[in-house]
Structures are given as C-alpha cells and as structure tokens.
Amino acid sequence: MSQKSGPPPIVFILLFLALLGGGYWWFFMRPAPPVSSTANSPSNANSVINPAFPLPASVASGTRVKIDGSTSMVTINQNLKIGFEGKFPGTTVQAIGNGTNQGIENLLAGKVNIAAISRPLTAQEQGQGLTAVSVSTDAIALIIGKANPFSQGLTSSQVADIFQGKINNWSAVGGSPKTIRVINRPVISGTHQTFKELVLKGANFGTQPNITTLPRDATTPLIQALATDGIGYATFAQAANQQTVRVVPIDGLTPEAGSYPYQRPLYYVYKNPASPEVQAFLGYATSPQGQQAIALGN
C-alpha cells in the first residue's frame, strides 16, 4: 500500500514567511485608527480643549496682547489676563468687550491681536485668513427680574414662541395675565446670533410691539430693563451671580446641567500666520493652567 506524499518543504517555508510578514504589518505598519472628532468637540459637555499652540516656557518681557470681542467672554478674558501676566512677568493683556462682530472687524484691521467670539466663524471670515480656537463652553441663560411673579420653567418650544412673538402674555405659560416684554440683544451680538440658531432654529426674531432690541450689546442694561414683566438672555457666567435676576429652567434643566439645551463653544480668533504674542497667549489659554484659570472664575 503506497503512502501519499505530503507537500514539499518549500510550501511550509513560504507559508511561514507569509504569516511572519502579516504579523509584522499588523503590529508595526498598519495605519493608526482615526481619532474621533467628537472627543475634542466644543459642543461635548465633557470635551477636552485641543491646544492650538504649546504652552511657552517663557515669554519676553514687554509682550502685549490686545483682545476685543464678545461680552460673553469678559470674565474669561480677565481670568486669563491675570493668569498670563502672573506666569510671565512683564507681559500685558488688554481686553475689552465691544461684541463679537466688532472684535472681528478690529482683528482684520490690525487693531487687536485676538478676537473673542461667541459664535463660529463664517466661511467668508475664514476666507479672510481667520482661524478660531475653542477655549471654553458656555450656556445661554433665560433670565427674568427677581420681582417677576412668574416662578415656573419654560419648554424649548415656549421660549421659541416667546421670542418670535407667538406667545406674548405670561398667562399663556402659566403666569399672571400680563404682557411679556421681550428684551433682545442687537444683531451685532454673537450671543444674539447663537440664540437665533440654538433656540429659534434659524428663524427670525419677532417684530411685535412687545419685543425691544437694545441699541448695544451689554448685559447690565438688559438686566435693568427686565423689571417685573420682562425676559431676556445672557451668558450664564454673567447671570449666575446677579442679585436682581432669576434664571428660568428650560425643559426642567438649569444651565449647570450637562444636557442643558442651550450650550455653545466660545472661541479666540487670530489672523494667520499667528504672531509670537498670539501663539504665547493661546498656548497658555488652551493649556491645563489656562483652563484651570478659566474654571476658577466660573
């Protein structure tokens, strides 16, 4: 009885080499898996800020950084100013808040180094060489005067209807029979534009007689105008410690909640290429030290 001969030895050798090569490719040569963009997304409540530039070891004395932009970022600007000047002696940070649009205009005109904005850059602005870096997240709070008898919350749809003029009496949302005076921020406000996108889903604000638009983007005059029948909106960081206003819960949630519906990223914008002072300041702002400075002030 004849025995069947097995495969020649060369077959086993080739098979071994193929397995060896495949293992080498798998462990050493295969491309790394893509990193999820949502991990660093500003809209994620637990997001991690992606540094734009490294934290500098030192900054030359005499370095000056000028910032203009969103009133929503006044507190952030101040906290980072204190931290940056303290870490790098001899540096100066000048920050003012003339609104998002004005900050961008001044950046393009070379009057400031950085624009602080509370909305994403438009395609046109990006086409002008501007780059935005997310530095924090913020919530837009609905506020009423502390003496306002309305003591309930609102739904997202009720808020949209109020600011579009479809609901104009407090009795329609469970309050007293009194006209709702809506206090709106001007169009130049980044918070106005973000509110329009987040709350009104891109629809226009109402133009009814009970809706008033402020001439300038400032939170103090808005708060003063609320009285006992008004409603407005502001960055939560500015409204949280006000003694004369109350924050209205939305869909049962307050702005501290991770799932609060009206959250947005806040950005610093620079013009390419970034100057040394811009690189230094943004490197600090997006570093763990800078992020801690922002958090301590909130």
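## Basis of the model

The structure is a predicted model, in which local features need pLDDT of at least 70 and side-chain atom pairs count only at pLDDT 80 or more, while totals for chains, interfaces and linings use all residues. Residues are numbered from 1 along each chain as its sequence is written, and side-chain values use heavy atoms, with hydrogens and water left out.

## Overall composition

The protein contains ten helices and nine strands. These elements are DSSP runs numbered from the N terminus, with helices (H or I) of at least four residues and strands (E) of at least two. Of the 298 residues, 42% are buried; buried means under 20% relative accessible area, exposed over 50%, and partly exposed in between, with a 1.4 Å probe and protein chains only.

Among contacts (heavy atoms within 4.5 Å) between residues at least 6 apart in sequence, 77% join residues at least 24 apart.

## Aromatic pairs

A pair of aromatic rings is described by the distance of the centres and the angle of the planes. Rings of Phe, Tyr and Trp (its six-membered ring) pair if their centres lie within 6.5 Å; planes under 30 degrees apart count as stacked, over 60 as edge-to-face and the rest as tilted. The structure holds 13 aromatic pairs. In one of them, the ring centres of Phe84 and Tyr284 are 5.9 Å apart and the planes stand at 65°, so the pair is edge-to-face. This pair links distant parts of the chain, since Phe84 belongs to helix H2 (residues 74–87) and Tyr284 to helix H9 (residues 276–285), 200 residues apart. Phe84 counts as buried at 0% relative accessibility, and Tyr284 is buried with a relative accessible area of 4%.

Tyr260 and Tyr262 also form an edge-to-face pair, because their ring centres are 5.8 Å apart and their planes lie at 75°. Tyr260 is buried at 3% relative accessibility, and Tyr262 is buried at 2%. One aromatic cluster consists of Phe84, Phe88, Tyr268, Phe281 and Tyr284.

Helix H9 is mostly covered, with seven of its ten residues buried. These are Val278, Ala280, Phe281, Leu282, Gly283, Tyr284 and Ala285. Val278 has a relative accessible area of 3% and is therefore buried. Leaving aside neighbours within four places in sequence, Val278 is in contact with Asn113, Ile114 and Tyr270. The C-alpha atoms of Val278 and Asn113 are 6.6 Å apart, although the two residues are separated by 165 residues in sequence.

Ala285 has a C-alpha to C-alpha distance of 9.2 Å to Ala52, at a sequence separation of 233 residues. Ala52 is found in the loop between helix H1 (9–29) and strand E1 (64–69) and is partly exposed at 32% relative accessible area. Not counting residues up to four places away in sequence, Ala52 touches Val133 and Thr286.

## The second largest pocket

The second largest pocket holds about 150 Å³ of space. On a 1 Å grid over the protein atoms alone, a cavity is a set of points where a 1.4 Å probe fits but cannot get out, whereas a pocket is an open set with protein on both sides within 12 Å along at least five of seven lines; lining residues have an atom within 4 Å of a point. Grid points are joined across faces, edges and corners, and a volume is the space filled by probe spheres set on the points.

The lining consists of Pro120, Leu121, Gln126, Thr131, Ala132, Ser134 and Tyr267. Strand E4 (residues 130–145) gives the largest share, three residues. By class, the lining has four nonpolar, three polar and no charged residues. Here Ala, Val, Leu, Ile, Met, Phe, Trp, Tyr, Cys and Pro count as nonpolar, Asp, Glu, Lys and Arg as charged, and the others, Gly among them, as polar.

## Backbone features

Most residues other than glycine have a negative phi, and most peptide bonds are trans. The peptide bond from Asn272 to Pro273 is cis, with omega near -5°, and Pro273 is placed in the loop between strand E9 (263–271) and H9.

Ala227 is not a glycine, yet has a positive phi of about 50°. Ala227 lies in the loop between helix H7 (219–226) and strand E7 (230–235) and counts as partly exposed at 44% relative accessibility. Asp251, likewise not a glycine, has a positive phi of about 55°. Asp251 lies in the loop between strand E8 (245–247) and E9, and at 42% relative accessibility Asp251 counts as partly exposed.
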